[in-house]
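Trainee: I have not seen this structure before. Could you take me through the terms used for it?

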Amino acid sequence: VDGIMSKLSNRQAQIVRMLVQGKSQKETARQLGISYNTVRNHLRNARGRADCQSSLQLAMKVRKEIDP
């Protein structure tokens, strides 16, 4: 698969999946046992790799890729 998720690190992909499920960044941080800022950094880097301007745009692209 040559999609967005294949461009992400394992942790970035994990966080993006949680974003697509509707989890907040703070909730994601708590569930993964990492800081809120770490979640923000992973999402920023994931947006860069996926050429997205926002987390919403990233989530929509990934959702479309998963369920076309």
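Trainee: Why is glutamine 12 called buried?

Mentor: This is a predicted model, so each value is computed from it. Glutamine 12 has 5% relative accessibility. Buried means under 20%. Therefore glutamine 12 counts as buried.

Trainee: Where is glutamine 12 found?

Mentor: Glutamine 12 is in helix 1. The buried residues of that helix are Gln12, Ala13, Ile15, Val16, Met18, Leu19 and Val20. Their cover includes helix 2, helix 3 and helix 4.

Trainee: Which residues does glutamine 12 touch, not counting those up to four places away in sequence?

Mentor: Glutamine 12 touches His42, Asn45, Ala46 and Arg49. Contact here means heavy atoms within 4.5 Å. Leucine 43 is 31 residues from glutamine 12 along the chain, and their C-alpha atoms are separated by 6.6 Å.

Trainee: What makes the pair of glutamine 12 and arginine 49 a polar contact?

Mentor: The two side chains meet at 3.4 Å. The cut-off for a pair of N or O atoms is 3.5 Å, and one must be able to donate a hydrogen and the other to accept it. The pair counts as a polar contact.

Trainee: How do you know whether arginine 17 is buried, exposed or partly exposed?

Mentor: Look at the relative accessible area of arginine 17, which is 42%.

Trainee: Now the helices. How are two packed helices described?

Mentor: By the angle between their axes and the distance between the axes.

Trainee: What angle do helix 1 and helix 3 make?

Mentor: The axes of helix 1 and helix 3 cross at roughly 95 degrees and come within 9 Å. The range 65 to 115 degrees counts as roughly perpendicular. That makes helix 1 roughly perpendicular to helix 3.

Trainee: Which residues meet there?

Mentor: From helix 1, they are Arg11, Gln12, Ile15, Val16 and Leu19. From helix 3, they are Val39, His42, Leu43, Asn45, Ala46 and Arg49. By class, this contact has six nonpolar, three polar and two charged residues.

Trainee: What angle do helix 1 and helix 2 make?

Mentor: Helix 1 (residues 10-20) and helix 2 (residues 25-32) pack at about 130 degrees, with their axes 10 Å apart. Roughly perpendicular stops at 115 degrees, and roughly antiparallel needs over 145. That makes helix 1 oblique to helix 2. The crossing of helix 1 with helix 2 is right-handed.

Trainee: Which residues make that contact?

Mentor: Helix 1 brings Arg11, Gln14, Ile15 and Met18, and helix 2 brings Thr28, Gln31 and Leu32. They divide into three nonpolar, three polar and one charged.

Trainee: Why is threonine 28 called buried?

Mentor: Its relative accessibility is 2%. The limit is under 20%. So threonine 28 counts as buried. Threonine 28 sits in helix 2. Leaving aside neighbours within four places in sequence, threonine 28 is in contact with Ile15, Met18, Lys23 and Val39.

Trainee: Is glutamate 27 buried, exposed or partly exposed?

Mentor: Glutamate 27 is in helix 2 too. Its relative accessible area is 28%. Buried would need under 20%, and exposed over 50%. So glutamate 27 is partly exposed.

Trainee: What makes helix 3 oblique to helix 4?

Mentor: The axes of helix 3 (residues 36-50) and helix 4 (residues 55-66) cross at roughly 60 degrees and come within 10 Å. Roughly parallel needs under 35 degrees, and roughly perpendicular starts at 65. That makes helix 3 oblique to helix 4. The crossing of helix 3 with helix 4 is left-handed. Leu43, Ala46, Arg47 and Ala50 of helix 3 meet Ser55, Leu58 and Lys61 of helix 4.

Trainee: How do you know whether aspartate 51 is buried or exposed?

Mentor: Aspartate 51 lies in the loop between helix 3 and helix 4. Its relative accessibility is 59%. Exposed means over 50%. Therefore aspartate 51 counts as exposed. Its phi is near 60 degrees, a positive value in a residue other than glycine.

Definitions and conventions:
Residues are numbered from 1 along each chain as its sequence is written. This is a predicted model: local features need pLDDT of at least 70, side-chain atom pairs count only at pLDDT 80 or more; totals for chains, interfaces and linings use all residues. Side-chain values use heavy atoms; hydrogens and water are left out. Axes are lines fitted to C-alpha atoms, for helices over the stretch in contact, and angles run from 0 to 180 degrees between N-to-C directions. Helices (H or I, at least four residues) and strands (E, at least two) are DSSP runs, numbered from the N terminus. A crossing is left-handed if the near helix is turned anticlockwise from the far one by less than a right angle, and right-handed if clockwise. Ala, Val, Leu, Ile, Met, Phe, Trp, Tyr, Cys and Pro count as nonpolar, Asp, Glu, Lys and Arg as charged, and the others, Gly among them, as polar. Buried means under 20% relative accessible area, exposed over 50%, partly exposed in between (1.4 Å probe, protein chains only).
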